Amino acid sequence: MFTVNESFDKTPKMMREIYCETLTELAQENRNIVVLDADLVSSSGMKPFFKQFPDRAINCGVAEANMIGIAAGLSAMGKIPFAHSFGCFASRRVCDQIMISAAYAQQNVRIIGTDPGVTAAYNGGTHMPFEDMGVLRSIPHITLIELTDTVMLADIIKQLEKLYGVYYLRMARKNVVSVYREGSTFEIGRGNVLKDGRDVSIIASGIMIGEALKAADMLRSEDISAKVVDMFTWKPIDAEIIEYCAATTGALVTAENHNVIGGLGSAVAEALVQTHPVPIEMIGVKDRFGQVGTEDFLREEYNLTAAAIVAAAKRAISRKK
């Protein structure tokens, strides 16, 4: 079980800062690392990388499909491309290029989609990806990861220097709740148990990890013991830990900053029904579009809160046979 920060403080640095710093560090030793940007150099925090490595930083302009095609071509030439944009543009707008040019062609491409779900805030419904992971989850052999905090971000980016394949990383751009202790390492494809419990399991990812941990504390005050799992890899999903949660607690809640259709709840349910069916409740966006607002307002609007998780946990427990 992982040791986690219990303070719920925000990370001292923004996610985009750590993304840039980690890639810059790796690029100093590995000349094959190339960064591609879709005219979001400032928003993505990549100005320092562009300044230090102008020959390995490409601003593709507002042409995301072309950016993925270029990334696939660079991969074919032995490069390690990292292509980033807002999650809405890095997924649904470029789905065919990811499918054919990257995955079908068995290329080595990393795609970073930022501002997932309600973290898009004032960018509004058109820029608020509630469906990015669902859009990409059906592509064969793609790996889908939602990064929890800056500690996980740095470790996963370092791992991707050595791995091969098509990876989509979903991450907030700014400060997030600090969950993991410095120096923590992560196994792609394996869920992390953050709290143990006997009555219900809460399987969450991304910004919902903080809410899940708060919910577990709220449930404990009512003498309900909740297990909390960070399912940061959505594909391949960790079916083994899902079965373990079902067997040990008999009830599950999923929590995601994403549409429950095709999202984490769907992935967990698909695994669960094949191994150890138990009651499951899903916290997430219920087949709705995004809208303009503060992140706090949007969390309440879409029920992405600790209180909503607590209520779902009680419903799941009440459905136990």
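User: Before we start, what are the ground rules here?
Analyst: It's a predicted model, where local features need pLDDT of at least 70, side-chain atom pairs count only at pLDDT 80 or more, and totals for chains, interfaces and linings use all residues. Residues are numbered from 1 along each chain as its sequence is written, and side-chain values use heavy atoms, with hydrogens and water left out.

User: OK, which domains does the assignment give?
Analyst: Domain 1 covers 15-171 and domain 2 covers 192-318; the bounds come from an automatic or database domain assignment.

User: How far apart are the C-alpha centres of those two?
Analyst: The centres of domain 1 and domain 2 are 26 Å apart.

User: And how many residues are in contact there?
Analyst: 29 residues of domain 1 are in contact with 32 residues of domain 2, contact being heavy atoms within 4.5 Å.

User: How much area do domain 1 and domain 2 bury between them?
Analyst: About 2200 Å², with 59% of it on carbon and sulfur atoms. Buried area here is the accessible area (1.4 Å probe) that two parts lose on being put together, summed over both.

User: Which three residues of domain 1 supply more of that than any other three?
Analyst: V118, F130 and R137, which supply 34% of the area domain 1 buries against domain 2.

User: Switching to helices. How do helix 1 and helix 6 cross?
Analyst: The axes of helix 1 (residues 15-29) and helix 6 (residues 150-162) come within 9 Å and cross at roughly 30 degrees. Helices (H or I, at least four residues) and strands (E, at least two) are DSSP runs, numbered from the N terminus. Axes are lines fitted to C-alpha atoms, for helices over the stretch in contact, and angles run from 0 to 180 degrees between N-to-C directions.

User: Parallel or perpendicular, then?
Analyst: Helix 1 and helix 6 are roughly parallel to each other. Angles under 35 degrees count as roughly parallel, over 145 as roughly antiparallel, 65 to 115 as roughly perpendicular and the rest as oblique.

User: Which residues make that contact?
Analyst: From helix 1, M15, I18, Y19, T22, L23, E25 and L26; from helix 6, T150, L153, A154, I157, K158 and E161. They divide into eight nonpolar, two polar and three charged (Ala, Val, Leu, Ile, Met, Phe, Trp, Tyr, Cys and Pro count as nonpolar, Asp, Glu, Lys and Arg as charged, and the others, Gly among them, as polar).

User: What about helix 8 and helix 9?
Analyst: The axes of helix 8 (residues 239-249) and helix 9 (residues 264-275) come within 9 Å and cross at roughly 65 degrees. That makes helix 8 roughly perpendicular to helix 9. A239, I242, E243 and A246 of helix 8 touch V268, A271, L272 and T275 of helix 9.

User: And helix 7 with helix 11, at what angle do they cross?
Analyst: Roughly 60 degrees, with the axes of helix 7 (residues 208-220) and helix 11 (residues 306-318) coming within 8 Å. That makes helix 7 oblique to helix 11. By class, their contact has 10 nonpolar, no polar and three charged residues.

User: Last topic, the backbone. Where's the cis peptide bond?
Analyst: It joins K235 and P236, with omega about 0 degrees. P236 sits in the loop between strand 10 (233-235) and helix 8.

User: What's phi doing at D115?
Analyst: Phi of D115 is near 60 degrees, a positive value in a residue other than glycine. D115 is in the loop between strand 4 (109-114) and helix 5 (132-137).
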